[in-house]
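Thanks for asking me to look this one over. Here are my notes, in the order I would read them with the model open.

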Amino acid sequence: MSLLQDFWQLLRPLSSGLTKSFITSCDSGESDPCRDDAAALTLKFAAMASILVAGSAGVSIPLVGGTLLPFNGGLMRGAKAFAAGVILATGFVHMLSGGSEALSDPCLPEFPWKVFPFPEFFAMVAALLTLLADFMITGYYERKQEKMMNLSFESLGQHRSIISDPGLESGLLRDEDGGALHIVGMRARADHHRHSLSMGAEGFEALSKRSVVSGHGHGHGHGDVGLDSGVRHVVVSQILEMGIVSHSIIIGISLGVSHSPCTIRPLLVALSFHQFFEGFALGGCVAEARLTPRGSAMMAFFFAITTPIGVAVGTAIASSYNSYSVAALVAEGVLDSLSAGILVYMALVDLIAADFLSKKMSVDFKLQIVSYCFLFLGAGMMSALAIWA
């Protein structure tokens with residue numbers, strides 16, 4: 001029993017020190033000479049309106065443009081490359097650096113935050129977990145899609161006469177260039193493959209299955225058999241929004257808790273541009289996923305309001321929130337690092353590699369030049385915003 005008591009006496013100072021450090025801070029920020037609560041509150045309302053408008057505009061432009069321009073056209077591919085550069089710079093320059101700054105703050109205790117590179121570790125863990133989520137969500141959508149295909153084939157087997165019916169305009173598959181599986185465009189496919197339809201339901205089934213397999217080759221560029229590009233784009237847009245939204249909440253709260261107009265003014269402008277570029281990147285991925293209008297609108301709306309909500313929450317808790325407390329620094333550092341891992345993975349694997357290693361890119365030198373220019377432009381412009389935010 002005495003051995004346990006001795007062990008507890010050794011642990012007690014460490015545990016009490018860690019507990020105390022999470023409820024105290026080394027700087028309350030009360031000495032800011034530019035503090036003006038009334039002016040700061042006015043600027044926070046202006047920031048909520050400005051960021052809401054900028055984010056809404058950024059996420060809407062690709063959604064509207066996607067309905068007017070071909071997805072495989074040079075302009076849309078340049079926009080996609082620009083968006084990929086924005087996401088990559090957001091992960092490396094904004095989020096990972098923010099996480100490193102928070103977790104290396106002098107207010108944090110020496111142990112464990114100064115003895116291990118936690119920001120990079122959390123980013124690595126997030127990238128690996130994103131890979132796992134990517135795999136599992138894609139598998140779920142593929143199984144769901146396969147089940148719908150089987151039900152469609154069973155229905156065709158029971159009604160063979162439908163195969164030769166001119167009323168096939170409703171259809172089962174999108175044209176191969178579209179990549180995704182939808183109940184549209186069957187008439188054109190039927191006219192194109194009239195000889196296969198003459199074989200009956202069995203021939204139609206084989207033709208349709210071959211079309212599904214080839215869809216990934218057209219839409220994604222990797223040639224992975226059985227993986228539909230429409231599924232990939234849906235998964236990419238959902239995971240990307242999750243990573244962006246977590247960061248948007250953090251930056252919104254950071255602005256909302258500030259009492260200094262000198263701090264809020266440059267943040268208002270910088271975060272408006274920040275949300276515009278991030279919204280543009282997300283909107284491009286959502287547009288490429290070709291969701292229903294309602295689904296696209298919901299994702300755009302959720303992104304647009306996240307940062308203003310974060311500003312409102314920060315304003316509400318500003319009187320009691322201390323950004324220099326250990327708990328606040330740890331929460332900010334961990335969330336920023338996790339978001340960095342998610343966005344770096346998505347940018348490199350699902351955005352840049354998917355397009356820049358595709359067959360279409362490799363055989364079109366002009367498209368390569370345009371895409372690389374837009375990629376570096378997006379990364380450079382988003383990186384430059386780190387000077388102010």
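The points below go from ground rules to cores, one serine, record annotations and ring pairs.

1. **Ground rules.** This is a predicted model, in which local features need pLDDT of at least 70 and side-chain atom pairs count only at pLDDT 80 or more, while totals for chains, interfaces and linings use all residues. Residues are numbered from 1 along each chain as its sequence is written, and side-chain values use heavy atoms, with hydrogens and water left out.

2. **The main core.** A nonpolar core is a set of buried Ala, Val, Leu, Ile, Met, Phe, Trp, Tyr and Cys residues joined through side-chain atoms within 4.5 Å; buried means under 20% relative accessible area, exposed over 50%, and partly exposed in between (1.4 Å probe, protein chains only). The largest one here has 45 residues, and I87, L240, I244, L343 and M346 have the most contacts inside it. Helices supplying at least two residues each include α2 (37-68), α3 (74-103) and α11 (326-356); helices are DSSP runs (H or I, at least four residues), numbered from the N terminus. The largest share, 11 residues, comes from α3.

3. Not counting residues up to four places away in sequence, M346 touches T130, V236, I239, L240 and L351, where contact means heavy atoms within 4.5 Å.

4. **A buried serine.** S337 sits in helix α11 and counts as buried because its relative accessibility is 0%. Leaving aside neighbours within four places in sequence, S337 is in contact with M95, G99, L103, P119, F122 and A123.

5. **Record versus model.** UniProt (unreviewed entry) places the feature "transmembrane region" at several stretches, including residues 81-101 and 300-318; such annotations may be inferred rather than shown by experiment. In the model, residues 81-101 are 100% helix, with end C-alpha atoms 29 Å apart. Residues 300-318 are 89% helix, with end C-alpha atoms 28 Å apart.

6. **Aromatic pairs.** Rings of Phe, Tyr and Trp (its six-membered ring) pair if their centres lie within 6.5 Å; planes under 30 degrees apart count as stacked, over 60 as edge-to-face and the rest as tilted. The structure holds 10 such pairs. F276 and F277 have ring centres 5.7 Å apart and planes at 70 degrees, so this pair is edge-to-face. F276 is partly exposed at 27%, whereas F277 is buried at 10%.
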